[in-house]
Amino acid sequence: ALTEQLTGAEEESQSTSEEFRSTNEELQTAKEEVESSNEELVTINDELRAANHDLNKASTILRTSGEFTSAIVESMRHSLLVLDANLRVESANQSFCDDFHVTSQESIGRLVYELGNGEWNIPELRRLLEHILPNHSVFDDFEVTHTFRHIGTRTMLLNARRLNGTDSGPGRIVLVIADITDQARLSKALQEVSNELKRSNDELDQFAAVASHDLQEPLRMISSY
């Protein structure tokens, strides 16, 4: 009877070990997916920085090479706005128009906060933009989640740079917007899966501890015998 009990306990222990291995494999898969999502976010950040670098280079020849600058702006994958000193839109590239379902005619000349019937009136963004020109500042990778009427909730990374104007004229602001909604959603889902697997693993650890404790008594009896 003790042998049968011990055999059953061993089978139960083997089953627990298999569950542990399966859980660890699931955790490893979730970890790889999270790492992949993080790599995508890093790539987007690198693209944003590269775009800002290109824009800074283009700003030095902006007065004499308008056509060249326009070609760069229109060929960008990410949305881009050029704002004047009063934060009115001077230009909007095609990506911005496509991503946010607006036209350049609807955007140019309007305050950035008025775009989309006030949908861009985001307090923290407003504070950051109003701080750039007077203080010659910049901001990178400002993440904001906002709900738009036509396209729903979007998570975005925003970068902004000051473009110096003429000697006597005001500067401009270049605002680059990357839509990371899908990456953010995937990262959140993977984090939830990881948390759930961790909880399951903790429960299995507790079960293994109980099983180990229950095995000690029959093993002591066998040893005494």
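**Aromatic cluster**

I looked for ring pairs and found that they link Phe 96, Phe 100, Trp 120 and Phe 148 into a cluster. Rings of Phe, Tyr and Trp (its six-membered ring) pair if their centres lie within 6.5 Å, and planes under 30 degrees apart count as stacked, over 60 as edge-to-face and the rest as tilted.

The model is predicted, so I note that local features need pLDDT of at least 70 and side-chain atom pairs count only at pLDDT 80 or more, while totals for chains, interfaces and linings use all residues. Numbering runs from 1 along each chain as its sequence is written, and side-chain values use heavy atoms, with hydrogens and water left out.

Searching the whole structure gave me 6 aromatic pairs. The rings of Phe 96 and Trp 120 have centres 6.0 Å apart and planes at 40 degrees, so this pair is tilted. Phe 96 is in helix α3 (residues 94-100) and Trp 120 is in the loop between α5 and α6 (123-135), so the pair ties together parts 24 residues apart in sequence. Helices (H or I, at least four residues) and strands (E, at least two) are DSSP runs, numbered from the N terminus.

I then checked Phe 100 and Trp 120, an edge-to-face pair with 5.1 Å centre to centre and 70 degrees between the planes. Phe 100 is also in helix α3, so its pairing with the loop residue Trp 120 ties together parts 20 residues apart in sequence.

Are Phe 96 and Trp 120 buried or exposed? Both are buried (under 20% relative accessible area; exposed is over 50%, partly exposed in between; 1.4 Å probe, protein chains only).

**Nonpolar core**

I looked up the largest nonpolar core, which has 29 residues. Such a core is a set of buried Ala, Val, Leu, Ile, Met, Phe, Trp, Tyr and Cys residues joined through side-chain atoms within 4.5 Å. Phe 96 and Trp 120 are among the residues with the most contacts inside it, as are Leu 81 and Leu 129. Helix α6 gives the most to this core, with 5 residues.

**A charge over a ring**

I found the charged end of Arg 126 over the ring of Tyr 113, 4.1 Å from its centre. The criterion is NZ of Lys or CZ of Arg within 6 Å of the ring centre and within 35 degrees of the ring normal.
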